[in-house]
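This briefing goes through one protein model, topic by topic. Keep the sequence and the structure in view while reading.

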Amino acid sequence: MGGKKSKPVNREELSPELQQMVDDVFKIFDKDGSKTIEKDEAVKHWSKNFGKISANEFFNTVDYNHDGQIQYHEFVDFWKIVKGSGHSEEEIQEELERIKNGESWIGFDDLPAQYMGKDKR
Ligand SMILES: [Ca+2]
């Protein structure tokens, strides 16, 4: 959208350690083990702090096919794209830690446009 040049979508494989962390965080959300994160599971997770805001941002960014659920493969794919966009595994771990601790979803700059969530400018 708009005239801004869009970054190509690059994916980079995650290290086994990071993959494990991604799996762990996914399981924190996916309480019923359905292999999808439902919106209300995300809202519940962030209920202490910014609840709906973080959950909405999270879904805007990661629910790429907009079906209202974050499938496991969407979740994993997202982190591969973050890494492929030049973010270090340390940065990714920090964001995963934040999510784990129920801190607000920050997201990342300079991802391909379709993975930027809603436009914040
Ligand atoms: Ca989805």
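A nonpolar core is a set of buried Ala, Val, Leu, Ile, Met, Phe, Trp, Tyr and Cys residues joined through C-beta atoms within 7 Å. A residue is buried if 20 or more other C-beta atoms lie within 10 Å of its own. The model described here is predicted. Its largest nonpolar core has 20 residues.

**Core**
- The residues with the most contacts inside the largest nonpolar core are A42, F58, F59, V62, F78 and V82.
- At least two residues of this core come from each of α1 (16-29), α3 (51-62), α4 (72-84) and α5 (89-100).
- α4 gives the largest share of the core, 5 residues.
- Leaving out residues up to four places away in sequence, A42 touches F29, I37, A55, F58 and F59.

**Helix α3**
- α3 has 12 residues, and the distance from its first C-alpha to its last is 16 Å, close to the 16 Å expected at 1.5 Å a residue.
- The buried residues in α3 are S54, A55, E57, F58, F59, T61 and V62.
- An α-helix has 3.6 residues a turn, so residues three or four places apart point the same way.
- The buried residues of α3 pack against α2 (39-45), β2 (69-71) and α4.

**Overall fold**
- The protein has 5 helices and 2 strands.
- Along the sequence, these elements follow the pattern α-β-α-α-β-α-α.
- The protein is as compact as a globular protein of its length, because its radius of gyration is 14 Å, close to the 14 Å that the globule rule gives for 121 residues.
- The C-alpha trace spans about 40 × 30 × 25 Å along its principal axes.
- Buried residues make up 22% of the 121 residues.
- Among contacts with a separation of 6 or more, 66% are between residues 24 or more positions apart.

**Annotated regions**
- An unreviewed UniProt entry carries the annotation "domain: EF-hand" for residues 17-52 and 57-85.
- Over residues 57-85, the chain is 66% helix and 10% strand.
- The end C-alpha atoms of residues 57-85 are 19 Å apart.

**Residue S104**
- S104 is in the segment after α5.
- Why is S104 partly exposed? S104 has 15 other C-beta atoms within 10 Å, and a residue counts as buried at 20 or more and as exposed at 12 or fewer, so S104 falls in between.
- S104 and E74 are 30 residues apart in sequence, and their C-alpha atoms are 20 Å apart in space.

Key: Residues are numbered from 1 along each chain as its sequence is written. This is a predicted model: local features need pLDDT of at least 70, side-chain atom pairs count only at pLDDT 80 or more; totals for chains, interfaces and linings use all residues. Helices (H or I, at least four residues) and strands (E, at least two) are DSSP runs, numbered from the N terminus. Two residues are in contact if their C-beta atoms, placed from the backbone, lie within 7 Å. The expected span of a helix is 1.5 Å times one less than its number of residues. UniProt positions are given in the numbering used here, feature names are shortened, and annotations may be inferred rather than shown by experiment. The radius of gyration is taken over C-alpha atoms; the globule rule is 2.2 Å times the number of residues to the power 0.38.
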